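I open this notebook to record what I looked up in one structure. The entries follow the order in which I consulted it.

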Amino acid sequence: VVEFLQAAHRAEERYTVRDGINMARFALKLVEAMNQESPGAGNLDEALETALVQTLGREALRYVPR
């Protein structure tokens, strides 16, 4: 989340720390839900990407370090 926000801020995007917090909280909830359905199935990287897209939109993916 920090790397995403740093990259976005370098590009002068207007994503906020609050956006990062919301994205992280959503991702953790996704992982928790996946693990409840199937223990050990939760993948944080996938959950973070899903949370990013659903909270900020697909265009935000350009700032995710690969």
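I take helices (H or I, at least four residues) and strands (E, at least two) as DSSP runs, numbered from the N terminus. This is a predicted model, in which local features need pLDDT of at least 70 and side-chain atom pairs count only at pLDDT 80 or more, while totals for chains, interfaces and linings use all residues. Residues are numbered from 1 along each chain as its sequence is written, and side-chain values use heavy atoms, with hydrogens and water left out.

Entry 1: Ala27.
I looked up the place of Ala27 and found it in helix α2. Ala27 is buried, at a relative accessible area of 0%; buried means under 20%, exposed over 50% and partly exposed in between, with a 1.4 Å probe and protein chains only. I then asked which residues Ala27 is in contact with, leaving aside its neighbours within four places in sequence. They are Ala47, Leu48 and Ala51, contact being heavy atoms within 4.5 Å. I also noted 7.4 Å between the C-alpha atoms of Ala27 and Thr50, which stand 23 residues apart along the chain.

Entry 2: helix α3.
I read α3 as residues 44-56, 13 residues in total. From first C-alpha to last it reaches 17 Å, close to the expected 18 Å, the expected span being 1.5 Å times one less than the number of residues. In α3, I found Ala47, Ala51, Leu52 and Leu56 buried. They are on the same side of α3 because they cover an arc of only 135 degrees around the axis, taken from the directions from the helix axis to the C-beta atoms. On the other side of α3, Glu46 and Gln54 are exposed. The buried residues of α3 pack against α1 (2-10) and α2 (17-37). Just after α3, Gly57 has a positive phi of about 100 degrees.

Entry 3: Glu12.
I located Glu12 in the loop between α1 and α2. Its phi is positive, about 60 degrees, although Glu12 is not a glycine. Most residues other than glycine have a negative phi. Glu12 counts as exposed, at 70% relative accessibility.

Entry 4: aromatic rings.
I paired rings of Phe, Tyr and Trp (its six-membered ring) with centres within 6.5 Å; planes under 30 degrees apart count as stacked, over 60 as edge-to-face and the rest as tilted. How many aromatic pairs does this rule give? The count comes to two. The rings of Phe4 and Tyr15 have centres 5.4 Å apart and planes at 40 degrees, so this pair is tilted. Phe4 and Tyr15 are both buried. The rings of Tyr15 and Tyr63, with centres 6.4 Å apart and planes at 70 degrees, are edge-to-face. I recorded Phe4, Tyr15 and Tyr63 as one aromatic cluster.
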